[in-house]
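User: I would like to learn how to read a few features of a protein model, one at a time. Could you take me through them, giving the general idea and then the case at hand?

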Amino acid sequence: MTAAIEVRGLRRVFRVRQGLFAPPRQVVAVDGVSFAVPAGSVLGVVGESGCGKSTLARLILGLLPPTEGEVLVDGRRLSEMDRRARARLIQPVFQDPFASLNPRRRVKDIVAMPLVAQGSVPAAEAARRVAEMLERVGLSQEQGERFPAQLSGGQRQRVAIARALVLRPRIVVCDEPTSALDVSVQAQILNLLAELRRDLGLTYLFISHNLAVVEHVASEVAVMYLGRIVERNESEALFRAPAHPYTRALLASVLTPEPGLGVPDVGLGDTLPDPANIPPGCRFHPRCPQAFGRCPAEAPAAWPAAGGGFAECHLLDPAAPGAAPREALRQEA
Amino acid sequence: MSLLEVRGLRVTFGGRTAAVRGASLSVEKGETHCLVGESGCGKSVTALAVMNLLARGARREAEALSFAGQDLRHLSDREMSRLRGDRMAMIFQEPMTSLNPAYTIGSQMTEVLRRHRGAPRARAAERAAELLARVGITAPGMRLGQYPHQLSGGLRQRVMIAMALMCDPELLVADEPTTALDVTVQAQILRLLAGLQRDLGLGILLITHDLGIVARVADRVSVMYAGEVVESAPTAQLFAAPRHPYTRGLLRCVPVPGKVRRDEPLGSIPGVVPRIPPGFRGCAFRDRCPHAAPACAEAVPRQEAGPGHEFLCTLPPDWALRERAA
Amino acid sequence: MLTFLLRRLAVAILVAMTVLTLSFMLTRLSGDLAISIAGPNATQEDVALIRAAYGLDRPLVVQYLDWVGRAAVGDFGTSYFFRERVADLIAQRMPITLTLGLVGLGIALLVSIPLGILAAVREGSWVDRGVMLVALVGQAMPSFWLGLLLMILLGLQLGWLPISGTGSWEHYVMPGIVLAFSAIPALMRLTRSGMIEALSSDYIRTARAKGLSRLSILGKHALRNAAIPVVSIAAVQLGFMLGGSIVIETVFALHGVGYLAWESISKNDFPVVQAVVLVLALIYIGLTLLADLLNAALDPRLRAS
Amino acid sequence: MSGAVLVPAGAAGGAPRWLRSLGLALGLLIVGLVAFAAVFGPSLVPHDPFAQDLGNRLAVPVWMEGGSWTHPLGTDQLGRDYLARLVYGARISMVIGLATVIASGLIGTTLGVLGGFFGGRVDDAVLFVITCRLSIPVVLVALAVVGLMGSSFTLVILVLGLLLWDRFAVVARSTTMQVRNLDYVAAAWCAGASRAAILWREVLPNIATHLAVVATLEMALAILLEAALSFLGLGVPPPLPSWGLMIAEAKDYMFFSPWVIMIPGIALFVLVFGINLLGDGLRDMLGTQDAR
């Protein structure tokens, strides 16, 4: 199957200037990220704050230029397209429905904005497509006349989705689309996104810190830690048998609504990841409960994991002495 | 006698909007009571009302509001401030902004003990260092001299907890203490709170929107909706047999790994959280409720569905069972 | 911290250079300075003589470089009108203007900080409204007119203070009050909004939750954070006040730098004018530098980085 | 089902609304009255503001002993009708205020928006220009320029317009920065909208209200500065009746007949007060709007 979207060796370095005479510090926010997403599927990207998942979204959307690497849609490089052509292929849905809509414009004008930006859609045609899109996301024509301040958070996120889909893109990058919403509204929006994906044949890149949500929507999951994808696998396989110690810790810290289980010990230390100061070797080793001599010395390769994915961990190296992955799993249980 | 007893709490802002409309709950000694609900349901306002920390312009009324047998309703501001930070303490959602950026951790921690116990500076610093170690902060002596901005969010929340414990309080009110934190840090903080409670016999009133947290740490749960406690039960009981349609809807909205299949729609509650106009009568959930009936516009009875399990609905206590049978 | 300082210093020097250039250009705006200096009744020869005497016959670039080179070592040339070295003139007059500025700032701070705090603590009350009204009145009051009113009231009718001139401390009271009026609204609003922001912050809620006394909450926790911007703005305001002293010194015939500037402008004494512009700008630049330093000293977040 | 429950959420509480709008209304009223006087006044007042009548110098206003309705506000030291001059002075103040705001608003907004929107080196340059401008003492430079080039009405406008753009630039820059980082601008970028369209449709409408507040402040400042320049004799040239100039000309008589400086002074004060009230009212409206 051809990939709807492919990312090759994406890397982004921020230079943080500290002073006129001090050498600028380098912060590697995204460090060599590659993946391909088949058409019609959903790649979930999970990780904690500062792991680079939002930078990754901005790189893919063209809001930031990459330091290295390429994004391809249907085998064509996005960097070689003009922005209007790119807009017809890939669109965003952002986290904060209060900041993502221009407060001075009516809902119908917000949704029409991408059509206007194309410059080639006649007004009547645009109005028709806006009306159709509003209905599709569950908003009335009357709500189309309102300003964003007159809508609830969930309704605003519906507007943002309508705006993203009005150009009928192939790919939608959802950056924490439900994190600012209440659970009952979150469920509405997740259901809507799933329905639209099926009906319109969309491909999603779904970025979230909420593993339970990702598990629900994603067919494949990538776990990011300090700018790298440390584990990627089919959703089922990853949640059933996480291979990377970080993935295991993440999964362990998800508090499912099951009484009586108590709060798990995730076994991570106090040292928090600092993107400006990435540890040598395996970047997770200072927090890893299973780190051993090789971890600070050598960056792990991507070893295959059960289910067809991979994880970057020395424990998975068949040649590693005394560090079988089974043992790690038992400790978790 | 409950440690904290709240009955018929009402909070209004500017006489126009009722944020809390007759909420009741009680926290026992050594118990964790979770108050859960969506944004705007009044759960945080309830917590602030208990501590008498409401913003100016807010009015608080209650049929009963007592702490360890002491009626809090008629205490003066001065008397109340003697209790706060001493016998009842509170921590907040935003560890990044809840500490004063202009003073060191040590200064902010010690002033609690100095204020309530008149402790000399050195003794207060000793106690602060001891508590920092207790909440799992390494090199507490060094931390005392640091400013809040030098600590990560997780560490700051630990400092907040340590600061709350300075005077050995009997009650800790925690308002969404882990919402701003990453999941792994959240688990660490919640574990810490659970451990402290076990060791110190604290009563905890935990405000949260996260049913996962409720399930894992609560002894008792109260579910709030539109300013009312609509259901209250021991935790296991609530998750096993929720009675209020809102509780049931809420539980179905949460994606649970392994329970809801991918591609299957999640349960959801239609509509949005309403704003309650003055003089409103009946059930506030009726606009979104699949079981709404004309009777819901009248006064809604508070019913018992088992020991310590109350809910606010016109449906009979065994409605769910009958529905399943039918 | 050191790099921050160096960076700030580098910017300050660049700004100073730019102002140096601007103040030179300013005096050449009118075209032929020699004609302006010579006055309307001068003959062709007079103008030529003046042109040669002041080096105005040289190319502009040479004149500019000459001026920069001299200004760098504090030599601003000689005044046409006073027949004295400009640097000496400014040095004589500067203490008067600085005294006036500091008196004005002192009065402004004494009035605006307590009132600003009071308004913030009683936000929305009649006290607050009253304080805001004072700010509005202060903003709308033309300083020269206020000066005249004070002269009539305090000088003539009550006879408490000398109407104008330079000499005793009493001569600074009325101009100081008038100058303070120009800074009070800004400082008062800033104190008020800073206190309101601090009082509604999460850390004040924490302080209340800790059961601290009202005095400690206001005086220790809120004021410290609200004071940070006020202190730095006060330094900047002093700069504006020195710049604005020209009007007040003229009204009260207080012989400071501002009065000197006004006299020189009326007499087309351009070496003095450009020197005063430069010196006031340099003082302002120095004060903003000071403001940044104060800020860094008061705010631990800045101190560390 | 009862729709009564569903009332859309909105902000509640705050200071008494009538009081806030009272300030705004008063500001509007004052500015409106002065604008009316500026436009129609000179044709309604029977006297010529420039006509001297040396036989009738310093006639007192009507409410004082010996005053008459022929000259309701009295006459000045040259016997010119004070009311006519005051009304004509309103025209000068308003024109200078508006023209300065337009000129400085264009300069400052352009600089600020460019710096805030493009950031990086553009912003460094803009910030530097603003810093330079702030370090120049405004009154002194304005006086020097007018002094060296000769006083004229247009020169005053030009000088003030070129000097008073700093606050526009500062506010436009900071608000543009805030707006630029909001996701709706990112969405417009992803939708392929041009930079010009983003600036025009997404950024400007959202900073316009802030700029309106600055405009009132700057207009008030420009009017005060013009009065100060004219008072020092280096503003609007005589015999034009600028309020500042009227005060300067009357200064010598103020100890004996204080009303000669009171009348133009009060006019100046009230106008500036009104404009500031307007600005405060606008700011309050902004505040409630932002607190969604």
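This is a predicted model: local features need pLDDT of at least 70, side-chain atom pairs count only at pLDDT 80 or more; totals for chains, interfaces and linings use all residues.

User: Where is A:R168 found, and what is its phi?

Analyst: The general idea is that most residues other than glycine have a negative phi, and most peptide bonds are trans. In this structure, A:R168 belongs to the loop of chain A between α6 (153-165) and β7 (171-175), and its phi is near 55°, which is a positive value in a residue other than glycine.

User: How should I read B:D168, and what is its phi?

Analyst: B:D168 has a phi near 55°, a positive value in a residue that is not glycine. B:D168 sits in the loop of chain B between α6 (153-164) and β8 (171-175), and with a relative accessibility of 48% this residue counts as partly exposed.

User: Which residues are joined by a cis peptide bond in chain D?

Analyst: As a general point, most peptide bonds are trans. Here, a cis peptide bond with omega of about 10° joins D:P238 and D:P239, and D:P239 lies in the loop between α8 (195-231) and α9 (243-250) of chain D.

User: What elements make up chain D, and how much of the chain is buried?

Analyst: Chain D has 10 helices and 0 strands, so that its elements, read from the N terminus, run α-α-α-α-α-α-α-α-α-α, as the assignment by DSSP runs gives them. The C-alpha trace of chain D spans about 80 × 60 × 30 Å along its principal axes. Of its 292 residues, 54% count as buried, while the chain exposes about 12100 Å², of which carbon and sulfur atoms supply 69%. If one takes the contacts in chain D between residues at least 6 apart in sequence, 72% of them join residues at least 24 apart.

User: How does B:Q186 read, and which side chain does it meet in a polar contact?

Analyst: B:Q186 lies in helix α7 (residues 183-200) of chain B and is buried, with a relative accessible area of 9%. The side chains of B:Q186 and B:T178 are joined by a polar contact of 3.0 Å. Beyond residues up to four places away in sequence, B:Q186 touches B:T178, B:L181, B:D210 and B:I213, and also A:L255 in chain A.

User: Which residues is B:N100 in contact with, and which backbone nitrogen does its side chain reach?

Analyst: B:N100 is placed in the loop between β7 (88-91) and α3 (105-117) of chain B, and this residue is buried, with a relative accessible area of 0%. The side chain of B:N100 reaches the backbone nitrogen of B:A102 at 3.0 Å. With neighbours within four places in sequence left aside, B:N100 is in contact with B:Q108 and B:P148 of chain B and with C:Y203, C:H221 and C:N225 of chain C.

User: Finally, how many cavities are found, and what lines the largest cavity?

Analyst: The general idea is that rolling a probe the size of a water molecule over the atoms shows where empty space is left. A search of the whole structure finds 10 cavities of 30 Å³ or more, and the largest cavity holds about 90 Å³ of space. Of the 10 residues that line the largest cavity, A:L190, A:A194, A:R197, A:H216 and A:V217 are the closest to its centre. At least two lining residues come from each of α7 (183-200), β8 (203-208) and α8 (211-217) of chain A, and α7(A) gives the most, with 4 residues. By class, the lining of the largest cavity has 7 nonpolar, 1 polar and 2 charged residues.

Note on methods:
Residues are numbered from 1 along each chain as its sequence is written. Chains are lettered from A and ligands numbered from 1 in the order in which they are written. Side-chain values use heavy atoms; hydrogens and water are left out. On a 1 Å grid over the protein atoms alone, a cavity is a set of points where a 1.4 Å probe fits but cannot get out, and a pocket is an open set with protein on both sides within 12 Å along at least five of seven lines; lining residues have an atom within 4 Å of a point. Grid points are joined across faces, edges and corners, and a volume is the space filled by probe spheres set on the points. Ala, Val, Leu, Ile, Met, Phe, Trp, Tyr, Cys and Pro count as nonpolar, Asp, Glu, Lys and Arg as charged, and the others, Gly among them, as polar. Buried means under 20% relative accessible area, exposed over 50%, partly exposed in between (1.4 Å probe, protein chains only). Contact means heavy atoms within 4.5 Å. Accessible areas come from the Shrake-Rupley method with a 1.4 Å probe; for residues, only the protein chains shown count as cover. A polar contact is a pair of N or O atoms within 3.5 Å; within protein, one must be able to donate a hydrogen and the other to accept it, and residues adjacent in sequence count only if both atoms are side-chain atoms.
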